[in-house]
Amino acid sequence: MLHEVQKTIQGILQIIDNQYGTGRNKYKDNGGYVVVVEKKEDFQEIKDKVHINCDDIIAEYVDKIVCSNGEIYTNSLILLNSDYLKEQGKKLNYL
């Protein structure tokens with residue numbers, strides 16, 4: 001994996017850890033995780049292991065990562081649930 005991609009992933013993980021803590025269950029608690037897809041076959045593995053339907057997901061945003069060797073990668077934010085709490089009928093921003 002190229003340095004620029006690794007640097008982007010490390011930055012995202014640091015943000016998630018700072019906001020949600022490092023002791024959380026990354027697959028059950030809020031905050032999420034990073035999934036790296038390097039080839040088309042990886043999408044089927046994501047469907048099988050994490051039960052995410054990759055065919056119906058809509059990314060919140062997509063950033064382009066241009067690497068020093070000219071290769072281009074993308075970084076996509078995908079929300080799988082809401083980080084909102086309901087308390088006495090009010091919606092409170094969880095972040």
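Where is the place of valine 35? I found valine 35 in the loop between helix H1 (3-20) and H2. Helices here are DSSP runs of H or I with at least four residues, strands are E runs of at least two, and both are numbered from the N terminus.

Note on the model: this is a predicted one, where local features need pLDDT of at least 70, side-chain atom pairs count only at pLDDT 80 or more, and totals for chains, interfaces and linings use all residues. Residues are numbered from 1 along each chain as its sequence is written, and side-chain values use heavy atoms, with hydrogens and water left out.

Next I checked the overall layout. I got two helices and four strands, in the order α-α-β-β-β-β along the sequence.

Then I looked up accessibility. Valine 35 counts as partly exposed because its relative accessibility is 41%; buried means under 20% relative accessible area, exposed over 50%, and partly exposed in between (1.4 Å probe, protein chains only). Aspartate 42 lies in helix H2 (residues 42-50) and has 11% relative accessibility, so aspartate 42 is buried. Leaving out residues up to four places away in sequence, aspartate 42 touches Val36 and Val37, with contact meaning heavy atoms within 4.5 Å. Of the 95 residues in the protein, 12% are buried.

Last stop, the hairpin. Strand E1 (residues 61-66) runs antiparallel to strand E2 (residues 72-77), and six bridges join them; strands pair if DSSP finds at least two bridges between them. I saw lysine 64 opposite threonine 74 in E2. Five residues sit between the strands of this hairpin, and glycine 70 has a positive phi near 95°.
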